[in-house]
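Here are some notes to read alongside the model. Have the sequence and the 3D view open as you go through the points.

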Amino acid sequence: MITASCRKMEGEGGTGSISGIIMEHFYNDDYSLFIYTKPAVDEEVFILYGEEEVLGDRLFTGPTGAFRFGFLYPGRYTVYYQSQDSTALLDEDVEMLTVVTLDRGEEADLGELVKLTTLDFDDGAAMIRGVVKVIDYVDSSRWPNLVVDYIDYAYEQEVYLTYGNHTFYDERIRTQYDGSFKFSRLIPGDYLIFLYSEDVTRVKDKLVLKYEVTITEMDQVVDLGEITIEER
């Protein structure tokens, strides 16, 4: 008969183990789009022994996201790691806890565990590009009989990008000397590209030229081609 005084407590020295694999799932900033998954490499995993609040051990996942706590006595263990939380109001990590009760010599496999990570719109490798040209009309000409003064590349023309359902633009850039522009390092999702052109009819001050783009691949390149604005 084993008395309480000689019973082995939770911790190292036994023949049991707890193992698992952590996969990192990447989403956009509001979790409305799952982007991709990969093994969580070098992820810290922690274990608590029994009712102890002091850390029992810590290790790092390998290239496949796998981890293993070995040589454990029978008893109760808590394994945890850090993850983002899709339900959290604040952008803070939470502890993902798994409680395991080991029998003598048991090898407990927790299977695949999920770590959530959100990406900003510019955490990818995709690109949206284009070229802006400007038609300039003779000042003295009037609509609808406008006379073209020249057509050239638009230099330092402001171009805006908005990701998803964001209420304000996420990035503003200016065209180069050859009228070219590019938004780089984009993640998958829906984008709105827009810029302003003068209203040569003089009904409005400016017109908004809008282009909706959907990126589906991490390294996709979308070419909007040639965009024409007008001035007079």
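**Notes on the fold**

1. Start with the contacts: in the protein chain, 62% of those with a separation of 6 or more are between residues 24 or more positions apart. Contact here means heavy atoms within 4.5 Å.

2. A word on the ground rules. This is a predicted model, where local features need pLDDT of at least 70, side-chain atom pairs count only at pLDDT 80 or more, and totals for chains, interfaces and linings use all residues. Residues are numbered from 1 along each chain as its sequence is written, and side-chain values use heavy atoms, leaving out hydrogens and water.

3. On to secondary structure: the protein chain has 0 helices and 16 strands. Both are DSSP runs numbered from the N terminus, with helices being H or I of at least four residues and strands being E of at least two.

4. Now the overall dimensions. Along the principal axes, the C-alpha atoms fill a box of roughly 105 × 30 × 20 Å. The radius of gyration is 29 Å, while a compact globule of 232 residues would be near 17 Å. That radius is taken over C-alpha atoms, and the globule rule is 2.2 Å times the number of residues to the power 0.38.

5. How much of the chain is buried? The figure is 39% of the 232 residues, with buried meaning under 20% relative accessible area, exposed over 50%, and partly exposed in between (1.4 Å probe, protein chains only).

6. Look next at the largest nonpolar core, which has 25 residues; I128, L161, F181 and L186 are among those with the most contacts inside it. Such a core is a set of buried Ala, Val, Leu, Ile, Met, Phe, Trp, Tyr and Cys residues joined through side-chain atoms within 4.5 Å. Elements giving two or more residues to this core include β11 (158-163) and β13 (180-186), but β9 gives the most, with 4 residues. Not counting residues up to four places away in sequence, L186 touches F121, M127, I128, L161, Y191 and I215, among others. There is also a second, separate core of 18 residues, including I18, A40, V45 and F69.

7. Finally, compare two residues. H25 is found in strand β1 (residues 12-27) and is buried, with a relative accessible area of 16%. Apart from neighbours within four places in sequence, the contacts of H25 include F34, Y36, V114 and L116. D139, in the loop between β9 and β10 (148-153), is exposed at 58%.
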